[in-house]
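Please look through the sequence and the model first, and then follow the topics below one at a time.

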Amino acid sequence: MLKSEPVSKSNTEKTSKSIVEESIKEDKFEDDFVYHSGDVREKFPLVYHSANMSEIAANFRKRIKLVKHIKDSIEYMRSFSGYDAVTALADILGTEDRKVAQTIGQALEEQDMFHDVTYLHKLLDSHYHYYQFEDLAKPIAILERKETERLNPNDRKSLMRKLTERRGTRKEFEENDPYGVLVNIARCYSPTCTDDSPCYSYSCPRRRIMETITAKETAGRFANMAMTIGLQTTWSTSLGKSYVSKMSRDAIKRQEIIYEFIRTEKEYVNDLQSVIKYMIGPLRHGKVPGVDNRFVDSVFGNIEEISQVNGDFYEALRRIQKRKPILESMGDVVKEHVANFKCYIKYGESQPSAKQILQVQKNKNAQLSAFLKECQNMPQFRRLPIESFLARPTTRLGRYPILIRDILKNTSKNHRDQILLKEANTTIENILKEVNQVAGKEANRLKMDQWSELLRFEKKNDISAIHFDDPKREYIREGKLSLIVHNYANEPSLEVTLLLLDNVTIITYEKNDNYHIYAKPIPISLLTINHSEEKKSIKPHGESHSNNKKLVVNNHTKINDYGSMGYIFTLKHLGVGTYQFFTPILSEQKAWVEAIQKQQELLPKPIAKEIIFFSHTKLDSPVQTIHRLNNGALLLANDIGIYVLINNYMMKPLLQLSKITQVESMEQFDLVFVLSNHETYAFSINLLLKGVYTNPRYIKHNKKISSNVSFIATGFCDERFILCCAKSSTSKTVVKMFEPKRLLLNPNYRKTYQKLYLTGDVVTSFKQFYIPSEGVTIRFLRRSLCVACIKSFEVVNVKNLTTQSLLNPNDIVFKNLLKSEYSPMNMFKTQQNDFLLCYNKIGFFIDKNGNRSRPDIFFKWNTSPRAFAYRSPYIYVINVEYMAIWNEFEAKEPKQIVPGNSMRLLLHDENKNIIYSRIEDGKQRLATIEIIKSPPVVQTQNQ
């Protein structure tokens, strides 16, 4: 017997029969059983689809769109409406008969593929009834794993053996899909039977209609329903006509709704008391072996407290109802008791996990399942499952605002209930918001636990990039898609599950009953998405003899060719790769695109803006490096020579040299050093800006300082200005140090000794040292040089040329670091008087003694950087396709991503100037980055 809580709309002239007719008319949906007696057709409409339920179920999962629905103010995540379900099934089956689709849907529901969110009825073709999938394999496996982890080894082995025997050949993580054959839509096996000319057999599926519900079953069901509704007398029929005839229509309607309010409250309290008496009580007293108080408290929560609160509420309503036949006011009673409804918040919070725990235990404990089935058959439970009664508190809470609003609609404006009931309604709605909020958080936590467990054996770097343990982490959606792969023709796709969280998108696939991450997790900030609503066929053309094989999703063959056409959307992980996903359903593609775009819109506001100040049009000779002089002049170098940028408009040539890769200066000596074609030269800054070196003869007589140079560096160390010319190979680095001639420090001598500038004879050899590793950069410290090598940072004392590791060799963290694949790339001194060490994959801070200065801060770049820059408090990590801006005090994720194509760092000097380039519209754009607002003040750590 179905039970509902509609607000009665009857008046004194309505009979029980009219109430039934009006209820059916207003609902506008077919009841649970589709075909009733008298609805038998001459021929069952043909269905163009396999009769295997597993195939129908698989297609249904792919096609149905799971979204959030709200019913009676309660939020139901990842749900779908009955109308959408019937529509999807009709499309899958290739039929226009929605009754056929609904019947097939009910067959799927019978095998527990999905359920009504309130567990009250079967699949209805209605926009206002919602359903959720009954996917429990993953949570079951997860809880079983967690349970075994708490046991000792012998017990764990025994339990795992039992679980394996119980599962049989079932995959641990497969979905709870139905199986079997729907005979009524199967195609006849007779070779002479065709669609146009069915065979003569009475049982031929082409000729026979679906099995008609037996008259006994149908009559019994609807007789019971009519009887139930007839017995539910309304307020107007419970009084004499002498009372009712004197009242206005609105007054009658108001009393009807109040009567309905109190009557349904009584039924609700009775239900709670039945749960306590027939379920909770026996379970607490050991009725079912293996079930203890912990299980009862987890599943039923504080339902006993709610029963007490609502029992008192009903008794108070009943007392005022007994005073007079016409209840004049109820607002004070409602307002007083709804203040106690905060207990619903605790109950709502426990419901997501309660449902999961219940299903897991029912799956494991056959005696518990039998006990609950026995309770279901009791008259008090009206053959409804336990889940229906566990959902009653939240659904009842959501029902109150509807009833109160209907009462207020039929209450005069000056009535005291207008104020009292509105205040009570506000209280209830606030509690409902809290219930939805805490339930959403708990459901989100369960999802995080689920996926964290499923992916627990994946690479630590991948898992750490997801941050499953972050309490702010939010689950958005997941779904099965086909990932197009480009190297196979026979199997050009991989069935994957795409998981979207608030911070990252994860592509997962199943292998050997375990889930794995495909490629790398994609941070939302590093994700771009493209899609087309054009329907495409992506079949492989096997008949083609071309080496360029076209791609297709590996779908099952279907009668109506369902799935051979579909829609593609593309996700690009900046700096990593591009992934194409296929779905046969346009709504699924749109849902993914909208969900990802929404998360991108929620990204934090930019902290910096890009300022493009020059566009270089000659891409055959792009700018390779930039050097800024103290007067602000920008020297631009490429494979042809050196230029000065005039008014951010044009490049004026200053010097013609080939393959320039570095430009450094010592302006105190009027010197600029140029690394050209692995050779180091020196020129006068003053003469360079005057254009003297545009005359080739002055370049011809300029002798090189050093040859076979990999990189150069200039700086001040140990009271000296030093030029370092490093020659690197895979096994060693030889660094030659030069000093500028001191007489050039005096501006008055520069004219006298101008010949030195023209010949390049401006430096003297100072010292030379050797490091048994390949060097990449040199940084100048107060008394020593720090050389970043492929495997370590080495510190060289300028006075005695002794070498030691920058990192404390006694630190176990650093010992492991030196043995790993991490390669040093750069080092920066910070405003906190410590040092930032940047490796190819990580970054961290050390003090002057080589110990970790900020042990809680450890950066993982999750990319392949080309270069680093530092301008307190931000670290700039430049990749080919983007620049990530990190805050030095927060290592969780970058604050902003600046996308680009072929990005390259051109300038980062001691004055914190940062200039980079990217390719756009066939031009090389030169840009700098500017912080929009000052960062918040951060308490510095004790160094």
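## A loop residue and the overall picture

Leucine 807 is found in the loop between β29 (803–805) and α25 (812–819), and in this predicted model leucine 807 counts as buried, at 4% relative accessibility. The C-alpha atom of leucine 807 is separated by 4.4 Å from that of glycine 850, although the two residues are 43 residues apart along the chain. The protein as a whole has 25 helices and 40 strands, and 51% of its 943 residues count as buried.

**Contacts along the chain**

- Among contacts in the protein between residues at least 6 apart in sequence, 61% join residues at least 24 apart.

**Strand β36 and its two partners**

- Strand β36, which runs over residues 882–887, is mostly covered, since six of its six residues are buried.
- Tyr882, Ala884 and Trp886 point one way from β36, whereas Met883, Ile885 and Asn887 point the other way, and all are buried.
- With strand β35 (residues 874–878), β36 pairs in the antiparallel sense over five bridges, and a hairpin of three residues joins β35 to β36.
- Within this pairing, tryptophan 886 in β36 is the bridge partner of isoleucine 875.
- β36 also pairs with strand β37 (residues 896–899), again in the antiparallel sense, and here the pairing extends over four bridges.

**The open sheet β19-β20-β21**

- Three strands, in the order β19-β20-β21, form an open sheet in which the pairing is antiparallel.
- β19 (660–666) and β21 stand at the edges of this sheet and have a single partner strand each, so one side of each is left without a neighbour in the sheet.
- On average, and with direction ignored, neighbouring strands of this sheet are turned by 20° against each other.
- The antiparallel pairing of β19 with β20 is made over six bridges, and glutamine 662 stands opposite leucine 675 in β20.

**Two helices that run against each other**

- Two packed helices are described by the angle between their axes and the distance between the axes.
- The axes of helix α10 (residues 249–284) and helix α17 (residues 392–409) come within 10 Å and cross at roughly 170°, which means that α10 is roughly antiparallel to α17.
- On the α10 side the contact is made by Arg254, Ile257, Ile258, Phe261, Thr264, Glu265, Tyr268, Asp271 and Leu272, and on the α17 side by Arg392, Pro393, Arg396, Tyr400, Leu403, Ile404, Asp406 and Ile407.
- When these residues are sorted by class, the contact of α10 with α17 has ten nonpolar, one polar and six charged residues.

**Backbone geometry in the loops**

- Most residues other than glycine have a negative phi, and most peptide bonds are trans.
- A cis peptide bond, with omega at about 5°, joins serine 872 and proline 873, and proline 873 is found in the loop between β34 (867–871) and β35.
- Asparagine 677 has a positive phi of about 55° although it is not a glycine, and this residue lies in the loop between β20 (671–676) and β21 (679–684).
- Asparagine 677 is partly exposed, with a relative accessible area of 41%.
- Serine 902, another residue that is not glycine, has a positive phi near 55° and lies in the loop between β37 and β38 (904–908).
- Serine 902 is partly exposed as well, with a relative accessible area of 34%.

**Cysteines**

- How many disulfides does the count come to? The count comes to zero disulfides, where a disulfide would require a pair of cysteine sulfur atoms within 2.5 Å.
- The cysteine sulfur closest to that of cysteine 724 belongs to cysteine 725, and because the two sulfurs are 7.7 Å apart, they are too far for a bond.
- Cysteine 724 is buried, with a relative accessible area of 1%.
- Cysteine 343 is also buried, with a relative accessible area of 6%.

Notes: Residues are numbered from 1 along each chain as its sequence is written. This is a predicted model: local features need pLDDT of at least 70, side-chain atom pairs count only at pLDDT 80 or more; totals for chains, interfaces and linings use all residues. Side-chain values use heavy atoms; hydrogens and water are left out. Buried means under 20% relative accessible area, exposed over 50%, partly exposed in between (1.4 Å probe, protein chains only). Helices (H or I, at least four residues) and strands (E, at least two) are DSSP runs, numbered from the N terminus. Two strands pair if DSSP finds at least two bridges between them. Axes are lines fitted to C-alpha atoms, for helices over the stretch in contact, and angles run from 0 to 180 degrees between N-to-C directions. Angles under 35 degrees count as roughly parallel, over 145 as roughly antiparallel, 65 to 115 as roughly perpendicular and the rest as oblique. Contact means heavy atoms within 4.5 Å. Ala, Val, Leu, Ile, Met, Phe, Trp, Tyr, Cys and Pro count as nonpolar, Asp, Glu, Lys and Arg as charged, and the others, Gly among them, as polar.
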